[in-house]
Amino acid sequence: MPDVDALLVVEEVAKSFGGVHAVDGASFRVPRGSLTGMIGPNGAGKSTVLSMIAGAVAPDRGSIRLDGQEIAGLPSPKTARRGVIRTFQNASVFPHMTVLENLLLGVPPWSGETVAAALFRRHRWHREEAQQVSQARNLLERLGISGMADTFAGQLSGGQKRLVEIGRAMMSRPKLLLLDEPMAGVSRTLAPVIEALIADLRNEGMTVVLIEHELALVERLCSPVVVLAQGRVLMQGEMQEARANPEVRKAYLVG
Ligand SMILES: Nc1ncnc2c1ncn2[C@@H]1O[C@H](COP(=O)(O)OP(=O)(O)O)[C@@H](O)[C@H]1O
Ligand SMILES: [Mg+2]
């Protein structure tokens with residue numbers, strides 16, 4: 001897809017853990033404003049690719065460009081500052097903090113003043129904080145969990161934790177949102193809520209990469225899809241093409 005306006009260009013990235021080639025020279029593009037799906041059998045390297053984009057894992061080689069700028073090897077606080085935010089395969093909330101506090105942790109510290117400056121201008125700091133709290137409350141409303149603002153996150157169901165995690169990611173208004181199996185551990189009741197939320201984010205113009213194992217869901221939501229197997233990209237295209245692709249079929253049978 002040489003002609004698309006790519007927000008993210010990943011070229012020949014590789015990562016080994018000990019002797020295991022988790023990712024072995026993967027290249028793909030994420031078109032701006034797309035909800036790009038990433039599929040492939042267990043152990044294909046999907047989460048590792050996401051970790052490299054987000055800066056949690058440094059690639060052994062290869063290039064990752066966001067808006068034309070190299071971000072490969074940047075640590076996650078720096079990729080976050082450039083607008084790359086991810087969620088994890090296991091929903092990660094801070095259990096001993098309230099739902100509202102969990103969302104506020106998603107506010108980028110770089111949006112406000114330095115602590116020193118804030119000490120001299122507390123009123124401005126208070127105003128920003130009030131704005132962030134109201135942004136978080138609006139988000140909770142949108143996520144349908146406004147009644148739980150003061151509940152400890154540890155008490156929530158798997159699906160509610162997932163909503164909190166996505167809400168926290170949304171607080172920074174990311175340029176690129178990376179979702180690693182957001183339906184994992186989510187009840188049948190909440191799964192459609194999360195699916196609708198992800199579709200909304202795409203419709204609002206956010207660029208999203210979604211790792212998901214349920215292919216029907218990927219087919220409903222994602223265009224294009226990137227298919228990984230054994231650390232390599234088998235193809236990038238539409239889900240229908242992926243379904244028809246013999247190599248992809250084989251990888252799923254074997255993987
Ligand atoms: N931190 C790690 N240490 C050692 N091996 C890892 C690590 N992370 C992933 N792997 C290995 O790399 C391969 C790809 O894993 P992963 O990226 O989690 O795949 P996927 O998300 O597609 O299931 C697997 O063989 C996995 O065991
Ligand atoms: Mg994974």
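**Figure 1. The largest nonpolar core of the predicted model.** This core holds 46 residues, and those with the most contacts inside it are Leu177, Ile198 and Leu221. A nonpolar core is a set of buried Ala, Val, Leu, Ile, Met, Phe, Trp, Tyr and Cys residues joined through side-chain atoms within 4.5 Å. Buried means under 20% relative accessible area, exposed means over 50%, and partly exposed lies in between (1.4 Å probe, protein chains only). In soluble globular proteins, nonpolar side chains tend to be buried together. Ile198 touches Leu35, Leu179, Pro182, Met183, Leu210 and Leu221, where residues up to four places away in sequence are not counted; a contact means heavy atoms within 4.5 Å. Another core, of 27 residues, lies apart from the largest one and includes Val13, Met52, Ile71 and Val84.

The model is predicted: local features need pLDDT of at least 70, side-chain atom pairs count only at pLDDT 80 or more, and totals for chains, interfaces and linings use all residues. Residues are numbered from 1 along each chain as its sequence is written, chains are lettered from A and ligands numbered from 1 in the order in which they are written, and side-chain values use heavy atoms, with hydrogens and water left out.

**Figure 2. Glu195 in helix H7.** Helix H7 covers residues 191-203. Helices (H or I, at least four residues) and strands (E, at least two) are DSSP runs, numbered from the N terminus. Glu195 is buried, with a relative accessible area of 17%. Its contacts, leaving aside neighbours within four places in sequence, are Met183, Leu217, Arg220 and Leu221.

**Figure 3. The open sheet of four strands.** The order of the strands is S2-S1-S4-S5, and their pairing is antiparallel. Two strands pair if DSSP finds at least two bridges between them. Strand S2 (20-31) and strand S5 (69-70) are the edge strands, each pairing on one side only. S4 and S5 are joined by two bridges, and the bridge partner of Arg65 in S5 is Glu70. S4 and S5 form a hairpin with two residues between them, and Asp67 in the turn has a positive phi of about 50°.

**Figure 4. Helix H1 across the strands.** Helix H1 (residues 46-54) lies across S1, S2 and strand S4 (61-66). The helix runs at about 115° to S1. Axes are lines fitted to C-alpha atoms, for helices over the stretch in contact, and angles run from 0 to 180 degrees between N-to-C directions.

**Figure 5. The magnesium ion (ligand 2).** Ser47 (OG) and Gln89 (OE1) coordinate the ion at 2.1 to 2.3 Å. Ser47 lies in helix H1 and Gln89 in the loop between strand S6 (84-87) and helix H3 (99-104), so the pair ties together parts that are 42 residues apart in sequence. Ser47 is partly exposed at 25% relative accessible area, and Gln89 is partly exposed at 33%. Donors are N, O and S atoms within 2.8 Å of the metal (3.2 Å for Na, K and Ca); water is not among the atoms, so sites may look incomplete.

**Figure 6. A network of salt bridges.** Asp5, Arg32, Asp67 and Lys175 are linked in this network. A salt bridge is a side-chain nitrogen of Lys or Arg within 4 Å of a carboxyl oxygen of Asp or Glu, and the structure holds twelve. The side chains of Arg32 and Asp5 meet at 2.7 Å, N to O. Arg32 lies in the loop between S2 and strand S3 (35-39) and Asp5 in the segment before S1, so this pair ties together parts 27 residues apart in sequence. Lys175 and Asp67 form a salt bridge whose closest N and O atoms are 3.0 Å apart. Lys175 lies in the loop between helix H6 (158-170) and strand S7 (176-180) and Asp67 in the loop between S4 and S5, so the pair ties together parts 108 residues apart in sequence. Lys175 is partly exposed at 37% relative accessible area, and Asp67 is partly exposed at 35%.

**Figure 7. The salt bridge of Glu204 and Arg142.** The closest N and O atoms of this pair are 2.8 Å apart. Glu204 lies in the loop between H7 and strand S8 (207-211) and Arg142 in helix H5 (residues 122-143), 62 residues apart. Glu204 is exposed at 52% relative accessibility, whereas Arg142 is partly exposed at 38%.
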